[in-house]
Amino acid sequence: MFSKSRINEPGPKQAEAEKPKAPEASSVTKPSTDYVPAAPKGKASASVLSSDLTVVGNLRTTGDIQVEGTVEGDIRAHLLTVGESATIRGEIVADDIVVNGRVIGRVRGLKVRLTSTARVEGDIIHKTIAIESGAHFEGSVQRQEDPLAQGRSSAAPSPAPAAAAPTPKPDEL
């Protein structure tokens, strides 16, 4: 009898109409589960600057960069790979640096590797370094426990001379 009363009553028919809505809600849940796998993609693959690309300006990322083209500016990244056809004119700072191409400027990294095709003109500040036979290098090599912190501390003294800039203001008076 209980089921007959539901069939005869308009209220339960509305409840039955709500039941199809519940599966729609579960289908909405399914796309959200599809979105969950997108979260592991937070570990994005390296950004690649192709060989026909020239960038004028600084690049900063917490991720990885692979440069195959030309960059005229500073680069900061987690992992930086300089391709064989690449040229970088500026300072590069990264946890891991692999140089296969040309770098004109300072190199600062925890782990720096110059492959046999590397050409570096500038100082290298590192925690660990590997230089393969055949690599060309002009500059100095300095080992530091934390070469990345040195750049931060050297950036701090730069504002200090900027603080000395108010000295000309009394000269203006």
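Helices (H or I, at least four residues) and strands (E, at least two) are DSSP runs, numbered from the N terminus. Arg108, for example, lies in strand 10. The model is predicted, so that local features need pLDDT of at least 70 and side-chain atom pairs count only at pLDDT 80 or more, while totals for chains, interfaces and linings use all residues. Residues are numbered from 1 along each chain as its sequence is written, and side-chain values use heavy atoms, with hydrogens and water left out.

The protein chain holds 5 helices and 14 strands. Its accessible surface, computed by the Shrake-Rupley method with a 1.4 Å probe, where for residues only the protein chains shown count as cover, comes to about 11200 Å², and 55% of that surface belongs to carbon and sulfur atoms. Of the 173 residues in the chain, 28% count as buried; here buried means under 20% relative accessible area, exposed means over 50%, and partly exposed lies in between (1.4 Å probe, protein chains only). A contact means heavy atoms within 4.5 Å, and among the contacts in the protein chain with a separation of 6 or more, residues 24 or more positions apart account for 7%.

The pairing of strands gives a way into the fold, where two strands pair if DSSP finds at least two bridges between them. Strand 12 in turn runs parallel to strand 14, the two being joined by 3 bridges, with Ile124 opposite Val141 in strand 14.

Leu80, when residues up to four places away in sequence are not counted, touches Ile65, Val67, Ile75, Ile88, Ile92, Ala94, Asp96, Ile97 and Val98.

Charged side chains also deserve a look. Arg108 counts as buried because its relative accessibility is 1%. Its side chain is joined to that of Glu91 by a polar contact of 2.8 Å, a polar contact being a pair of N or O atoms within 3.5 Å, where within protein one must be able to donate a hydrogen and the other to accept it, and residues adjacent in sequence count only if both atoms are side-chain atoms. Glu91, Arg106 and Arg108 are linked in a network of salt bridges, a salt bridge being a side-chain nitrogen of Lys or Arg within 4 Å of a carboxyl oxygen of Asp or Glu.

A search of the whole structure finds 6 salt bridges. In one of them the side chains of Arg113 and Glu132 meet at 2.8 Å, N to O, and this pair links distant parts of the chain, with Arg113 in strand 10 and Glu132, 19 residues apart from it, in the loop between strand 12 (124–131) and strand 13 (136–138). Arg113 counts as partly exposed because its relative accessibility is 39%, and Glu132 is partly exposed with a relative accessible area of 30%. Glu145 forms a salt bridge with Lys127, their closest N and O atoms being 3.5 Å apart; Glu145 lies in the loop between strand 14 (141–143) and helix 3 (147–155), and Lys127 in strand 12. Glu145 is exposed at 53% relative accessible area, whereas Lys127 is partly exposed at 32%.
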